[in-house]
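Hi,

Here is the structure I promised to pass on.

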Amino acid sequence: MEHSENVLIIGSGVAGMEASLMLSKAGKKVTLVEKLSLIGGKTIKNEETYPNMDCSTCLVAPIQQEILQDGNITVLTSSQVTAVSGDAGDFSVKINKKAGYVDLVACLGCGMCYPVCPVEQINEWEENLINMKAIYVPCAGALPNVPVIDADKCLHLNGTDKECNKCVEACMFGAINLVGEDEQLDIDVGAILIATGYDMMDISILTDLGYGKYPGVYTAMEFERLFAANGPTEGNLVMRDGKTVPSSVAIIHCVGRSESHYCSSVCCMASSKHAHFLRHKLKDAKIYNIYSDICLPDKTYQKFYEDVKAHSSQFIYQSDRDKMKITEKNGKLKIEYLDSKEKSAFLDVDMVILANALKPAIGSDELGKVLGINHDKFGFVEAQPFNIGTVVTSKSGVFVAGCAEGPKDIQSSIIQSEAAVAEIMSLLNS
Amino acid sequence: MSDKIGIYVCECGPNIASKVDIDKIMEEISNLEDFKDVELVVRNHKLLCSVEGKKFLENEINENNLTHLVCAACSPRDHDTTFINVCKKTELNPYMYQIVNIREQCAWIIPDKEEATEKAIRIIHAGMDRVLYQQPLEEKQLDSNPDVLIIGGGIAGMEAALKLASRDRLIYLIEKTDELGGKSAKLNQLLPRQGVNLNILHQKLSNIKSNKYIKVFTNTELASIVGFLGNFEIVIKDVKDPENTTELLAGAVIVATGYELLDATTLDKYEISEEDEVYNALEIEEMISKNGKIVMKNGKEPQKVAVIHCVGRSEVGYCSQTCCSYLLKISKMLKEQSSKIEVVELFKHLCLPNKQDEAFFEQVKDKDVEFIRIKDVNVTGTSIELTDISDAKQKLDVDMIILGTAMIPAKETKYLAEELKVELDEMGFYQEAHLKINPISTNTDGVFVVGGAHGPTGISESMLQAQAAAGKIFTQLIPGQKIIPEVKVSEILEAYCTGCKTCLDVCGFGAIYFDEDKGISVVNEAICRGCGNCVGSCPSGSIRTRHFTNPQLYQEVKEALR
Ligand SMILES: Cc1cc2nc3c(=O)[nH]c(=O)nc-3n(C[C@H](O)[C@H](O)[C@H](O)COP(=O)(O)OP(=O)(O)OC[C@H]3O[C@@H](n4cnc5c(N)ncnc54)[C@H](O)[C@@H]3O)c2cc1C
Ligand SMILES: Cc1cc2nc3c(=O)[nH]c(=O)nc-3n(C[C@H](O)[C@H](O)[C@H](O)COP(=O)(O)OP(=O)(O)OC[C@H]3O[C@@H](n4cnc5c(N)ncnc54)[C@H](O)[C@@H]3O)c2cc1C
Ligand code: SF4
Ligand code: SF4
Ligand code: SF4
Ligand code: SF4
Ligand code: SF4
């Protein structure tokens, strides 16, 4: 075994971070590749984490800090794996690190550079709910707290205005350099862990539900950002107009479940959490959860759900989740659904939150081809054989953990990650 | 050697420099009345945490032969470790250094420059007072034993044993019954996504038999255990002959004692007895193992069977997660036995959290199994009264009822938890160190909980948890490597301790034991985490936590509040 001390981890959500730290403690050298400019995955989008409503930052920030300071872990943000060759114990990996134009060491994260930038663009990390500049960190508290420049949008870099140098002038630390190129890195590793997580299903295709058509309709992740103190509204629960406070909200479970052909296993709890959030901020609002099944897969979850049912929301059963229709009239959203007697029923609300299905992370297909691994029929990474208690993929030396393998909550993601560490340690020490 | 304190004020670029008066700080700190007999080196730097700044600090420590160091900079969350690492490169013991946060606590929160400067001077002064009372601490290295004790020989325990066993790591697997396999060995089939057959289980059983690094003890239970990560002293006993004990040494413990099924006869809504054709699903699995098929007590095949979900769920207060899928499997087995058997599943919700189980549900529905979504159900013998989701009442008389009863903690859980100093959660399962981010570990370092012992789980999840425990052990307990316990731990001063035992209950980590001979409490430094809980609890003030002693804290607070 030539490179038995080195491990490549792709994706820096809870699963990727846990494995990085454990392997580092055992003396392994880890390269953690993250496609975004910040580490932490989806969990840092959540203000609080069910079922104990732990503050997510308090859970994750110490882990992020530890990773960034760990001498055994090389964190490559804005990076993608582009080629892999070799076999278990001896892989050669090519990584493309996008130019960020800001020096990671020199930058202090003071934030003086973004206000001066004249460019406005949509902030995708904030679920498109707000704009950001061409030089940006996606949200307050991002780690590493170092901005990057979007070369396609920057006036200087895309050639629109070669004179623009505003951010460079604003930076007192000389951290910005508008000359830069993508870096191609070659590393050799003994094992690879895929921890690329999930993305949310695009539900604009479910035209009956009105997402993208009616401004009052939100996705679950949009709502997470709306509630977050570091989010686009600084945690104020207002609608897209920036001022209207909703007085009635319906949360719809199982959106896209029929299309994806599996239960996403986190959305019942996430939707209960959303009802809890709403009640917390809007004492008098009418809150409804419209469900077709309730899936609470942890010993601690039912208690939380019962509590939400008792104090925060009215749970309404719909007998056919494919028959729901949402329309808008005079600014009110009208939900038509089949009730428990399979009769049409109606509900008028200001706001609708759609708990949409979890899907394989965007780009999983390409990554799968680069790695030479199999996916299941849903597009998640397939664990072999028969998916019975294993994190081993179809390719020896390549492992999977967290939502990259299928939808699951934080603790189940971490358990898989720790299991993958066992496999990696066994492989590297053999 | 006389004291020589180095005080380094970081400007953090303009972050600190533009909001406080650096020159004034330097001036006042250099001329403090109560430090006029102490040698001081007071310097500022543009960016102490930069590569160049760290080099500067290292040189300063060496060239000035500093005995104490104070860095007035940012939050310890940002750069405490940075400066500790600088100390480690020099002769200066890192516990002789103190960080003072003049950025978040002064520059960034006090708009008035003069006020911010005043506060900065005051807290730097406090840091100097404190640092003089600090003492060098040394890390200890303890030998550790890489071997592992696994309690419970079900699928979780077996999986952990197989993952961990190797030439340099022996596994002791103890099982209280006379056979390995646990509940899984009683099953006839697994789920479609698990490949249906039980080959995987049989394979594991034979792998364990042939693995010379796994020592299996059947009919065996834990008698006692003391120790800590790396060094546990264990006594096991023969279930049938409790006087017959064996002593073992191990570095870690995995608890894999599984679950039990709730007794449905204890439930108000179930008026059933032994004579009735009412079985829990595990009894059905055992029946198939014995008779090859599902039959009534009279040996005949039932014509109509009701399968009831969520039995006892509201009583225990949680969903057992596995029963929806294994009850689908039971219906499938009934239909495979004879397509003529009428099967109706009475369920409240379908909980199918695995991505592949929805397809299984569709498959069972296609086998002509009827599904009724219920709100409530009452069972008397094999007569069922139900209220369905639309509030319609219905009576159902069937030949046989199969129950999906709640999974509950195994019997000895409480006893084992006390022995192992692991807490139980409100449901009676072992409590994890942190539900979300440390789900396999417990409050006791070196003790892990996996499988049904942890809470309701299927075989796949139990195996993953077992592997996770193996991952933890592979990275925490490396053969031949020493263990370095926390340095900032508590100690009990023998002369002051009155032996009241108050601290014993306060310590959540079981780090304090009572020395009967001396009549005093003693902290086991290898277990103590330095949380300080015991310090406040001791009525005679005989406990102190290193690096956080009363004089150290007093010095700091005295100046800060003056
Ligand atoms: C609305 C909502 C609320 C939720 N709330 C909770 C909750 O309260 N409690 C709870 O337990 N769970 C919750 N969950 C589930 C939780 O988000 C997941 O369990 C968790 O994020 C999974 O972690 P992960 O590391 O597997 O994936 P992720 O968090 O998705 O992280 C994956 C990382 O990989 C990166 N990545 C993806 N592709 C690539 C690539 N090709 N190359 C490099 N990097 C890549 C991504 O950018 C990301 O940083 C919620 C889910 C949703 C949808
Ligand atoms: C009817 C039924 C069908 C099921 N079908 C499936 C299925 O198809 N697929 C699936 O994934 N899951 C299924 N399950 C769930 C499966 O049984 C559990 O996931 C699995 O058994 C958990 O394994 P375990 O090792 O944690 O616990 P157990 O199987 O309970 O094993 C625990 C072991 O520890 C021993 N033990 C207990 N206390 C002590 C002690 N104090 N000292 C020493 N030893 C002790 C016990 O004797 C036992 O051998 C089913 C469950 C039931 C009830
Ligand atoms: S101004 Fe300079 S130091 Fe401040 S955040 Fe921007 S790049 Fe970093
Ligand atoms: S050069 Fe101009 S446009 Fe480009 S990031 Fe800087 S301020 Fe924005
Ligand atoms: S977790 Fe709940 S909301 Fe999500 S798909 Fe499953 S049943 Fe539907
Ligand atoms: S898994 Fe299904 S049957 Fe079991 S408790 Fe949960 S919802 Fe009820
Ligand atoms: S400091 Fe905390 S861990 Fe240590 S002995 Fe006291 S209570 Fe226990």
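**Where chain A meets chain B**

Across the interface of chain A and chain B there are 11 salt bridges (a side-chain nitrogen of Lys or Arg within 4 Å of a carboxyl oxygen of Asp or Glu). One of them pairs A:Glu423 with B:Lys163, whose closest N and O atoms are 3.1 Å apart. On the chain A side, helix 10 (410–429) is among the elements that give two or more residues, and with 12 residues helix 10 gives the most. Helices here are DSSP runs of H or I, at least four residues long, numbered from the N terminus.

Before you go further: this is a predicted model, where local features need pLDDT of at least 70, side-chain atom pairs count only at pLDDT 80 or more, and totals for chains, interfaces and linings use all residues. Residues are numbered from 1 along each chain as written, chains are lettered from A and ligands numbered from 1 in written order, and side-chain values use heavy atoms, without hydrogens and water.

Back to the interface: 69 residues of chain A contact 64 of chain B (heavy atoms within 4.5 Å). The two chains bury about 5,300 Å² between them, 58% of it on carbon and sulfur atoms; that is accessible area (1.4 Å probe) lost on being put together, summed over both. In chain A, A:Lys299, A:Gln302 and A:Ile388 lose the most area to chain B, together 15% of what that side buries.

Cheers
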